[in-house]
Amino acid sequence: MEYKDQIDLSRLPNHIAIIMDGNGRWAKEQGKLRIFGHHNGVLSVRDAVEGACDLGLKYLTLYTFSSENWNRPKLEVMAIMELMVSTIHKEIQNFMKKNVRLNAIGDLEMLPPKCLKELNKAIETTAANTGLVLTLALSYSSRREIVHAAKNIAAKVKSGQLDIDDITEEVFENNLYTADMPDPELLIRTSGEYRISNYLLWQIAYAELYFTPKLWPDFRKEDLYEAIHDYQKRERRFGMTSEQVN
């Protein structure tokens, strides 16, 4: 029996976040340049999105490009940005067909103007779609996001808009990039690495973590289904006892 057939559709995680790791290593194994891995990683993104849509998932957030990734060789960064522009342009029609709403979080102003323009165009075009919310974490750093939220709150306290005693977890969450979406319930990382890599640190406080040795270009919807099936076998207690949650 395939993993998709074993999934309980009434107990799907509302939000899945993925750290798409292993493009460079995959390319090296093929004797190719790193950008070859990024190109093939696009196929995995397409397949994962299709799988998410087939199940009726509500939120999928992909760690696409971190703030630290700007430190990679300039030629690789430029190639990734060009690939991003062409991919977003090509996928808009597919997003509309599948009712996908595109979203992005991160320090987006650091993106090249051409890339940012294409991204904003796609976000605007898909804004009315009501299916899967696909969020790309671009030029993203969770620590920077948390500092950004703290500065916003501090500014509100300084201006008198907010009293310091009124600062709660909810207030803090409302100042994060992800304010309009639920926290991830499942975090998937490919390539066999066991790290969070500065990704959604606040938001994954109670997420289930799933690690697979597959490199990202080899990841397909069946792998997504396997991760969800594994998630559904776990007991989520949120600090309570088994007797309390069952």
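Residues are numbered from 1 along each chain as its sequence is written, and side-chain values use heavy atoms, leaving out hydrogens and water. Because the model is predicted, local features need pLDDT of at least 70 and side-chain atom pairs count only at pLDDT 80 or more, while totals for chains, interfaces and linings use all residues.

**View A. Helix α8, end to end.** Helices here are DSSP runs (H or I, at least four residues) and strands are runs of E (at least two), numbered from the N terminus. Helix α8 takes in residues 221–232, and its end C-alpha atoms sit 17 Å apart, which agrees with the 16 Å you'd expect for 12 residues. That expected span is 1.5 Å times one less than the number of residues.

**View B. What's tucked away in α8.** Nine of its 12 residues are buried, so α8 is largely enclosed by the rest of the structure. "Buried" means under 20% relative accessible area, "exposed" over 50%, and "partly exposed" in between (1.4 Å probe, protein chains only). Among the buried ones are Leu224, Tyr225, Ile228 and Tyr231. The cover includes α1 (3–6), α3 (34–55) and β5 (186–189), with contact meaning heavy atoms within 4.5 Å.

View C. Ser142, Glu145, Ala149 and Ile153 are buried in α6. Looking down the axis, these buried residues fall within an arc of 70 degrees, so they line one face of the helix; the arc is that of the directions from the helix axis to the C-beta atoms. On the other side, Arg143, Lys151 and Lys158 are exposed.

**View D. Around α6.** Cover for the buried residues of α6 includes β4 (133–140) and α7 (169–173). Just after α6, Gly160 takes a positive phi of about 90 degrees.
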